[in-house]
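Dear colleague,

Please find the structure for your review directly below. My notes on it follow.

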Amino acid sequence: MRKNWPQGIKMGVALTFDLDAETFWFSRTMDSKNNPNLMAEGAYGPNVGVPRILDMLDRQQLKATFFIPGWVIEQHTETCREIVRRGHEIGYHGYLHETTYFPEQDRELVEKSKRIMKELLGVEPLGYRAPEAILTEETIANVMASGFEYSSNTMACDWPYYHESGDGEKLIELPFSWLYDDTSHFFFTLQTPERRRICSPSYVKEIWQSEFDGLYDEGGLMTLVLHPQCIGRVSRVNMLEDLLCYMKTKAGVAIGPALDISRLAREGLEESLNS
Ligand SMILES: [Zn+2]
């Protein structure tokens, strides 16, 4: 069996939230900006979802990563400061949640968002998640050159692995799957392109728990990708809390921010390379 984790750890669960807020809607179509109700749906994330999620995480004594576009930090600064105050990690997620196919533009967006994070929150992001997980061939090289410690974007397998550059530099990847993305199961909108999924929390919990059980046996990684405007509804936060309680009953499961899980993964991969 593959060895992905250091001694004593059987499985990693990276608990991540993409706080896209209103940018979630701009990045579908810029017209969304002129629709106050769509903007309100986006603002529900920081205004209602995040406080509910933060309280649940406190109850469970768990820390998480919040990947946040720079614009959201400018517009919802106090909410983002509260996330930092409560001990959670902040990761990079674009400025306006834009997808870019130009490496130069990607570098500019990274610089701009890093500046905003430093000025308004006093933090430097070490994790990179591209909006919509859309990457170009050059993105990973950019991520390495920009001083990030890990990436959580690609979906090659369900355990951590390395991206390697030509000169031997390595970047740890925490892959995810659309299966672990809340919007795959819950995202409903009448806006074009339409999405009409409102699954019951118990149905989604069954999928996530079965994946967790299988990956636990295999010693894999589960990277939950959750959006406060989607998972932040009360029935879904309750389901997530039940699931996390279940995970905590299993020995050797590391549940935490992506940065912590990436460091464990790096340690495990180095041990296995050296053994
Ligand atoms: Zn996003």
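**Backbone and burial**

Ala 133 is buried, its relative accessible area being 17%; here buried means under 20% relative accessible area, exposed over 50%, and partly exposed in between, computed with a 1.4 Å probe on protein chains only. This is a predicted model, in which local features need pLDDT of at least 70 and side-chain atom pairs count only at pLDDT 80 or more, while totals for chains, interfaces and linings use all residues. Residues are numbered from 1 along each chain as its sequence is written, and side-chain values use heavy atoms, with hydrogens and water left out.

Ala 133 has a positive phi, near 55°, although it is not a glycine. The residue sits in the loop between strand 4 (127-128) and helix 6 (139-145). Helices (H or I, at least four residues) and strands (E, at least two) are DSSP runs, numbered from the N terminus.

Gln 61 is another residue other than glycine with a positive phi, in this case near 50°. Its position is the loop between helix 2 (36-60) and strand 2 (65-68). Gln 61 is exposed, with a relative accessible area of 73%.

A cis peptide bond joins Thr 192 to Pro 193, with omega near -10°. Pro 193 belongs to the loop between strand 8 (188-189) and strand 9 (195-196).

**The zinc site**

Which protein atoms are the donors of the zinc ion? They are two OD atoms of Asp 20, together with NE2 of His 93 and NE2 of His 97, at 2.1 to 2.5 Å from the ion. Donors are N, O and S atoms within 2.8 Å of the metal (3.2 Å for Na, K and Ca); water is not among the atoms, so sites may look incomplete. The donor residues follow the spacing D-x72-H-x3-H in sequence.

Asp 20 is buried at 2% relative accessibility, and His 97 is buried at 3%. The angles among the four donor atoms run from 52 to 133°, and the site is irregular. Four donors count as tetrahedral if all angles lie between 85 and 135 degrees; four count as square planar and six as octahedral if opposite donors are over 155 degrees apart and all others between 65 and 115; anything else is irregular.

With kind regards
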